[in-house]
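Please read the following report alongside the sequence and the coordinates.

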Amino acid sequence: MAASCVALLALALLLPVLLLCAWKRGRQAGAAPHVVVVVLGDVGRSPRMQYHALSLAQSGFSVTLLGFYNSKPRDELLQNDRIQIVKLSELPSLGAGPRVLQYGVKVVFQAVYLLWKLMCTDPAAYIFLQNPPGLPAIAVCWFVVSVCGSKLVIDWHNYGYSIMALVHGPRHPIVLLAKWYEKFFGRLSHLNLCVTNAMRDDLAENWHIRAVTVYDKPASFFKETPLDLQHKLFMKLSRSYSPFQSCSEPSDPGVERSAFTERDRQSGVVRRLRGRPALLVSSTSWTEDEDFSILLGALEKFEQLTFSGDSLPSLVCVITGKGPLKEHYRHLMSQKHLQHVQFCTPWLEAEDYPLLLGSADLGVCLHMSSSGLDLPMKVVDMFGCCLPVCAVNFKCLHELVQHGENGLVFKDAEELAAQLQVLFSKFPDPAGKLAQFRKELRESEQVRWDESWQRTVLPLLAHSDLQARG
């Protein structure tokens, strides 16, 4: 009797879903090409999926972008008539019970919620899914494409289980279960994209998944920032962050001054200040795969070098982003009483981030891939702005940064401090190593995201459509 009741309940729950699927299949036949892009994370902090949505829209698809809306996406996305953003709601923390139980409840809630949202969207030819996070999104998206006649495209940014292993350890039962899940359901996708050749080879060898490498490329708005826009940005940031404020007020009331630039109000002419500090930038999600103690240690050594008679500038170190370890590192920074280094940890608007990179003197990347198979998108963006980069080394970094050619690679705080000393010696020296790197980046022919996407992803979709019709 109990079994019959359970079966009837399951049928009652499943019947509306199956009827909805049949209706969606019927509508899809005559509909304009539509793609659903799924990000089980913050859309505003998922630039690659924003770029996918924009490229799909530019190629004639209508796009529904499903994701959490914790930070504002780019204006190009919001203003595009072909793109509709559907906001997902997060489950409030239970605040009680074992951690495993809380996680299990969250996964079940997200699975049911995501399934409902996907079933309520217009029929789609493709579902583009970012992984990670893929639990429970891969299974839910696979179910939806199976019953609705769509195709699942997974964009592998990394392995979700490898990120979990940073917290729980590689042999933890949850990590092993997550690895099995990712491997099993990942093989059920129709198309697979990934961010490096190393990941492509690993997917093929260990998971029997055939993927196409689509390298991250800078969008067209990542470029050097004109001096007048630099000044405007510095003045805007100076209202909230003291490192951007001028150390001294100009004697002429007709002059507006930041820590780096000054502008004649009458003529509008902007110039860089003599003896200005150097602007060092980094961006982060403040997670376990980025060890900012390396940068803090290097800056302490740099501080000591400034007292030893080396011709080195003061530094303003700006680290952008949000994440769980932000307050931990902010506390560590507050304990460093450095005279020649100032720290600033803002969260920037989407339109201001490229302007900051295009205004900086040096970028630093501390991304240590949890799998050793993904590349830091922040370096791609920095290169797009012709910003020289120092990056911490890991297994496949050579696919992006070639040491001594387009940037420098370090392994610890000591090496990074030595690189800072070389790059900032006699700053701003037009004949110095920093200027040489910037010149080489300017002269290199950098392929932009739109061009790369048209070459790699669009033909895959066209080929897949031909196969379906055949």
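## Basis of the model

This is a predicted model, in which local features need pLDDT of at least 70 and side-chain atom pairs count only at pLDDT 80 or more, while totals for chains, interfaces and linings use all residues. Residues are numbered from 1 along each chain as its sequence is written, and side-chain values use heavy atoms, with hydrogens and water left out.

## The parallel sheet

Seven strands make up an open sheet with parallel pairing, in the order β3-β2-β1-β4-β5-β6-β7; strands (E, at least two residues) and helices (H or I, at least four) are DSSP runs numbered from the N terminus, and two strands pair if DSSP finds at least two bridges between them. At the edges stand β3 (83-88) and β7 (212-213), each of which pairs on one side only. Within the sheet, β5 (residues 151-156) and β6 (residues 191-194) are joined in the parallel sense by four bridges, and Val153 has Leu191 in β6 as its bridge partner.

## Helices α4 and α5

Helix α5 (residues 137-148) lies across β1 (34-42), β4 (126-131) and β5, running at about 170° to β4; axes are lines fitted to C-alpha atoms, for helices over the stretch in contact, and angles run from 0 to 180 degrees between N-to-C directions. Helix α4 (residues 99-120) packs against α5 at an angle of about 35°, with the axes 10 Å apart.

The contact (heavy atoms within 4.5 Å) brings Ala111, Leu114, Leu115, Leu118 and Met119 of α4 to α5 residues Ala137, Val140, Cys141, Phe143, Val144 and Cys148. The residues of this contact comprise 11 nonpolar, no polar and no charged, where Ala, Val, Leu, Ile, Met, Phe, Trp, Tyr, Cys and Pro count as nonpolar, Asp, Glu, Lys and Arg as charged, and the others, Gly among them, as polar.

## The antiparallel sheet

Three strands form an open sheet in the order β8-β9-β10 with antiparallel pairing, and its edge strands are β8 (255-257) and β10 (270-272), each pairing on one side only. Strand β9 (residues 261-264) pairs with β10 over three bridges in the antiparallel sense, and Glu262 has Arg271 in β10 as its bridge partner. Helix α9 packs on this sheet, touching β8, β9 and β10, and its direction makes about 80° with that of β10.

## A pocket lining

Which helix gives the largest share of the lining of the second largest pocket? That share, six residues, comes from α15, while α9 (227-238), α14 (413-424) and α15 (433-443) each supply at least two lining residues. The lining divides into 13 nonpolar, seven polar and nine charged residues.
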